[in-house]
Amino acid sequence: MKKSIVLIVICFTARKATVAQNKVPVNPRVLISTDIGGTDPDDNQSMAHLLMYSNEFALEGLVSSPSYGNGSKEEILRMIDLYAKDLPALWAHAKGFPTPGYLRSICKQGVRRAAPYAGFAAPTEGSRWIIHCAKKASPQPLWILVWGGLDDLAQALHDAPEIQDRIRVYFIGGPNKKWCVNSYAYIARNFPDLWLIESNATFTGMFTDDQAPAELKKASYYDNWIKGHGFLGTDFKNYYKGEPKMGDTPSLLYMMDGDPNHPEKESWGGSYIPFSRSPRRVFDRDLTVQDTVPVYSVIELILKGPVLDLAKDSPCFKMDVHAGIGLQSWPGYYLGAGLYGIRYSPKKAEKLAYEIRSDLPGFQNRKGSFVVRNKWPGKRDPQNYALGNHWFTDRPDPDLFCGYSQGARTVQKWRNAFLKDWAKRWSWLK
């Protein structure tokens, strides 16, 4: 009989450990790195969510890190101004919301462009602030939630490698990885023991409402819960016509629910598995459709060209990529001794064509194509980046895909619960 009771207790405990939501008992130390104001306005939506739940975090930094586009610290400050107007209503319902003055003091401007081939360039206000926060004496690690590029984080690790053991990173990858592929490559090669969640597709579970009741559908959520609710609510309508996309929000949900120290367990922010290698392919020739690479992988082209008197890491050629999303151009760099290099990370399974061109004398323009497979991390290859024991990524189980997005069901399954919880906070602002 005792044995049966023990077994029941064990089973109940194990089940409870994997079920969301269990609020994180201590407000985690959090620094946000965001490209808000840049190419994708869902950062504004996620910033509204962050501010409305800011009493549940020990916020230490709000860093503008736009690898691409026109993101800026000023856009973060504008959002804080809206929060300041709504703050009396928030204070009426809960304690612990930070003052606008404090939030403004931790806003920092990071790098305004993607890192060069080396993966780092020069210190910024943002990278210095990451180092400052990471070095604070605390029993907790500093959680760095990366909504844009990894460039300021890479710079901070380059300048102060000792912070590696004091930080934990949740990286919204996929399309962001494409824009910061050089800084990603630098971190993966030089800091394989960094504690990092690489969410290339899991975060997209926020986009899927196929299992949502009518009142929580994207098309109706604004009118049902946000419209007429505070200054943040009025501003929310400016992004995707008020439909919640919020691709960066899973990083916040991860810090609100369960035990962030164990990515394998379920949480509002997804569930992840450890992986020991990051896909990388290096080519010294033009690619053809016979070349197949994994989605989200790092592709390097190392090309021979004229030996010129150029500074190493100088941008000197372009690669135009023809993808389903349209034409996009990427810079390539001089590596010295007549070698030229460029990296690219595809975010979607498709056939891609590219053209490489330059006005440098003696540089051979070239073109090629290759196929991207929807398989992450794909087959093992000796060119992969070898990772340590604390790098985590999307679950590969077929039943956890949302469309082509690997692991996305681990976020999507909790989307209704999160949106209901958020609706309560919006009611505070009415």
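This is a short walk through one chain, from its overall build down to a few local details.

Okay, so keep in mind that we're looking at a predicted model. The chain has 430 residues, and its radius of gyration is 22 Å, which agrees with the value near 22 Å for a compact globule. Along the principal axes, the C-alpha atoms fill a box of roughly 70 × 60 × 45 Å. Buried residues are 57% of the chain. The accessible surface is about 18,100 Å², and carbon and sulfur atoms own 55% of that. As for secondary structure, we have 13 helices and 18 strands. And if you take the contacts with a separation of 6 or more, 76% of them are between residues 24 or more positions apart.

Let's go to the strands. I'd like to start with β15, residues 351-357. Which residues sit on its covered face? Those are Leu352, Tyr354 and Ile356, while Lys351, Ala353, Glu355 and Arg357 are on the uncovered one. That's the pattern you'd want, because side chains in a regular strand alternate between the two faces of the sheet.

Now the neighbours of β15. With β12, residues 315-323, β15 pairs in the antiparallel sense over five bridges.

Staying with β12 for a second, let's do aromatics. Searching the whole structure gives 26 aromatic pairs. Take Phe317 and Tyr340: the ring centres are 6.2 Å apart and the planes are at 70°, so this one is edge-to-face. Phe317 belongs to β12 and Tyr340 to β14, residues 339-344, so the pair ties together parts 23 residues apart in sequence. Buried or exposed, that Phe317? Buried, with a relative accessible area of 3%. Tyr340 is buried too, at 0%.

There's also an aromatic cluster, made up of Tyr221, Trp225, Phe236, Trp268, Phe418, Trp422 and Trp426.

Next, charges over rings. Arg343 lies over the face of Tyr117, 3.9 Å from the ring centre. Lys177 does this with Tyr184, with 3.9 Å to the ring centre. That Tyr184 is one of the buried residues of helix α8. The helix covers residues 181-190, and eight of its ten residues are buried, so α8 is largely enclosed by the rest of the structure. Among the others on the buried list are Val181, Asn182, Tyr186 and Ile187.

Most residues other than glycine have a negative phi, and most peptide bonds are trans. So what do we make of the exceptions? The peptide bond from Trp376 to Pro377 is cis, with omega near 0°, and Pro377 is in the loop between β16 and β17.

Then two tyrosines with positive phi. Tyr240 has a phi of about 55° and lies in the loop between α10 and α11. Tyr296 has phi near 70°, in the loop between β10 and β11. How accessible are they? Tyr240 is partly exposed, at 31% relative accessibility, whereas Tyr296 is buried, at 3%.

That's what I have, so over to you.

Terms used
Residues are numbered from 1 along each chain as its sequence is written. This is a predicted model: local features need pLDDT of at least 70, side-chain atom pairs count only at pLDDT 80 or more; totals for chains, interfaces and linings use all residues. Side-chain values use heavy atoms; hydrogens and water are left out. Buried means under 20% relative accessible area, exposed over 50%, partly exposed in between (1.4 Å probe, protein chains only). Helices (H or I, at least four residues) and strands (E, at least two) are DSSP runs, numbered from the N terminus. Two strands pair if DSSP finds at least two bridges between them. Rings of Phe, Tyr and Trp (its six-membered ring) pair if their centres lie within 6.5 Å; planes under 30 degrees apart count as stacked, over 60 as edge-to-face and the rest as tilted. A charge sits over a ring if NZ of Lys or CZ of Arg is within 6 Å of the ring centre and within 35 degrees of the ring normal. The radius of gyration is taken over C-alpha atoms; the globule rule is 2.2 Å times the number of residues to the power 0.38. Contact means heavy atoms within 4.5 Å. Accessible areas come from the Shrake-Rupley method with a 1.4 Å probe; for residues, only the protein chains shown count as cover.
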